[in-house]
Amino acid sequence: MITLQNSSFDVHLLQFEKAAAKVQQQTNSVIDSIVNGHPKVVEDLYYRYRRSFGAWAAKYYGVDDDTAAEIYQRAFITFYYNIKDGKITHMSSSEKTYLFAIGKNLIREHFRLVAKQAEPLSVEAELGSVDHGIMEKYEQSHRKDTVRRLLAQIGEPCNSVLTMFYFHGMNMKEIAAKLNYKTEQIAAKRKFICLKQLRSLMGISGA
Amino acid sequence: MEADKDQKIQEYLDGSMSQDEKLAFEGLMNTDAELAAEVTELRELEYDLKAAGVDSFRSKMDQWEQGYQKNQGKNRMRTFLAIAASIVVVLLAGYYFTGQQGSSAEKLYAANFVPYEDMILTRGEPSATGSQLVDGMIAYNDGDYTIAAEHLEQFRITNPDNKAAALYLAISQTELGRYDAAERSFNIAMEDPNFRQQAQWYLSLMYIKNHKNAEALGQLQAIADNTDHYKSAAATELMQQIDLLK
C-alpha cells in the first residue's frame, strides 16, 4: 500500500517536474528572444498578456482601462529592458508572473493603492535587482532628440548599425549577419567607430 | 597606438574586459584625463542612444496598444451587432421565414453567432508559446479567419493533443464555409471536457449555416436537455426559431 502511494506520488512529482521544466524552458526561450532581438516574439508577448493584465488590475486594484494600459506598458518596458540590459538572466517562474509582479509594484508605486485581494507572488523577492525606474531614467536624457536627428545624418553603415543595436535591440551576431560582416567582432568594432563618428557630429552640432 | 587605445575603450564600454583588465584600465583613466573624458563622453552618448531607443520602443508599444484597443472595440461591436441582429430576426421572423429559407438560415446563424472568446492567449497558457498558435489566435481575435485557420491547422498538425485549438479552428472553418472540415474539428474539440459544451453549441450553429436543420435540431435538443449546459436556454430558443423556418 505504501509502495503504491509512493509510486503514485512519484508519478505526480514527475509530472509536476516535467510541467515546471516546460514552463522554465519556455520562459528562457522568451529571454533568449528578447536578448537576441526577435521583434515578433516581443510583440506577441505584449498581446498575450495585455487583456489578462487589464482584467487582473481591475479586479485586484480597481484600476480603470486607461490606467491599466499605461501601467501595462511601463511594466512591459521595464520587463523588456531589464532582460535586455542583463539584469534578468533567468526566471524561476513564468514570464507572466514576472510581468505581473513588476506591474503590481508599479501600481503600488504610482497609485499608492492597497491591494484588495492581491495574491502573493512568489517571485517578488527575486525582483530586488529589477530596475523599476528604467523609463524615468531614460526620459531624463536631454540629448536624445539631438541623437535621433544626427542618426539621420550620419549615413551608412553607421545609421543601420546603431539603429539595429539601440532601437531594434539586435545583438552583434545578428547585425553581422544582416550587414554581411564576417564576424560579430567586426560588427562590434564598426559599432564603436560609428559611436565615435556620432560623437564628432555631436561636437560639431554643439550639443 | 591609437588603434590599441580604441580597442581598450571599446572593450571597456562593451563590458568584455576581465576584472583585472578593467581595474588596470580604470587606473589608467585616473592618470589620463583626456582618456577619462573620452570614455565618459562615449558612455553618455551610448546612454542617449539607449534613451532614444526606449522612446522608439514606447512608440512601437503605442501602436500595439492601438491594435489591441481596435480589436477590443471590434469585439464589442460584433457582440452588439449580434444582439441587434438577433432582435431584428425575431421581430421580422414572419417575413423572413416565408419563402426565403436559404438566406434566413444565414441570418439566423449571424444572429446567434458570437465568436467564442479567446481562452488561450488571455489565460496565458504555457502552451501558448507556440508561435503558430499565437499567430492563429491573434488572427482569430482580429476576425481574420483565413489566416487563423491556416495557422491553427499547422499548429494542430504538430500538436494533435491540443483540443482547445481545434475549437477555434472549427469556428474559423465555419466562418469560411468549410463545413466538412469544421465538423471534424468540432468533433475533436468535443474530446476535451473543458470545451465539449462550446463545441456542441458552435457545431449546431454550423449546421444551421449549412442548412442542415435536422442535424442542428438534434444537437440543440441534446444541449437543451442538459440543464447544466451553458447554452441550454439559448438552445431551446434557437430550436423555436428553426421551427419558424419550416
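Which helices each supply at least two residues of the lining of the largest cavity? I looked this up before anything else. They are helix H2 (39–61) of chain A and helix H3 (33–91) of chain B. I note here that the model is predicted.

**Entry: the cavities**

I counted cavities of 30 Å³ or more and got 2. The largest cavity holds about 70 Å³ of space. I then listed its lining. From chain A come Gly37(A), His38(A), Pro39(A), Val42(A), Tyr80(A) and His168(A). From chain B come Phe57(B), Lys60(B) and Trp64(B). H3(B) gives the most to this lining, with 3 residues. I sorted the lining of the largest cavity by class as well: 5 residues are nonpolar, 3 are polar and 1 is charged.

**Entry: the largest pocket**

Next I turned to the pockets. The largest pocket has a volume of about 1,000 Å³. Its lining has 37 residues, and the closest to the pocket centre are Phe165(A), Lys191(A), Leu13(B), Asp14(B) and Lys50(B).

I checked which helices each supply at least two residues of the pocket lining. In chain A they are helix H3 (65–84), helix H5 (134–139), helix H7 (158–167) and helix H9 (184–205). In chain B they are helix H1 (2–14), helix H2 (19–31) and H3. H1(B) provides the largest share, 6 residues. By class, I found 16 nonpolar, 9 polar and 12 charged residues in the lining of the largest pocket.

**Entry: salt bridges between the chains**

I counted 18 salt bridges over all chains. I picked out a few to read closely.

Lys50(B), already noted among the residues closest to the pocket centre, forms a salt bridge with Asp85(A). The closest N and O atoms of this pair are 3.7 Å apart. The pair crosses between chains: Asp85(A) sits in the loop between H3 and helix H4 (95–111) of chain A, and Lys50(B) sits in helix H3 of chain B.

I moved on to Glu38(B), which forms a salt bridge with Arg199(A). Here the closest N and O atoms are 3.6 Å apart. Glu38(B) lies in helix H3 of chain B and Arg199(A) in helix H9 of chain A, so this pair joins two chains. Glu38(B) has a relative accessible area of 8%, so I marked Glu38(B) as buried. Arg199(A) has 24% relative accessibility, so I marked Arg199(A) as partly exposed.

I also looked up what else is tied to this pair. Glu38(B) and Arg199(A) belong to a network of salt bridges with Lys196(A), Lys5(B), Asp6(B) and Glu41(B).

**Entry: a salt bridge within chain B**

Last, I looked at Glu153(B) and its salt bridge with Arg178(B). The closest N and O atoms are 2.3 Å apart. Where do the two residues sit? Glu153(B) is in helix H7 (residues 145–158) of chain B. Arg178(B) is in the loop between helix H8 (163–175) and helix H9 (179–189) of chain B. The pair links distant parts of the chain, 25 residues apart. Glu153(B) is partly exposed, with a relative accessible area of 26%. Arg178(B) also counts as partly exposed, at 34% relative accessibility.

Notes. Residues are numbered from 1 along each chain as its sequence is written. Chains are lettered from A and ligands numbered from 1 in the order in which they are written. This is a predicted model: local features need pLDDT of at least 70, side-chain atom pairs count only at pLDDT 80 or more; totals for chains, interfaces and linings use all residues. Side-chain values use heavy atoms; hydrogens and water are left out. On a 1 Å grid over the protein atoms alone, a cavity is a set of points where a 1.4 Å probe fits but cannot get out, and a pocket is an open set with protein on both sides within 12 Å along at least five of seven lines; lining residues have an atom within 4 Å of a point. Grid points are joined across faces, edges and corners, and a volume is the space filled by probe spheres set on the points. Helices (H or I, at least four residues) and strands (E, at least two) are DSSP runs, numbered from the N terminus. Ala, Val, Leu, Ile, Met, Phe, Trp, Tyr, Cys and Pro count as nonpolar, Asp, Glu, Lys and Arg as charged, and the others, Gly among them, as polar. A salt bridge is a side-chain nitrogen of Lys or Arg within 4 Å of a carboxyl oxygen of Asp or Glu. Buried means under 20% relative accessible area, exposed over 50%, partly exposed in between (1.4 Å probe, protein chains only).
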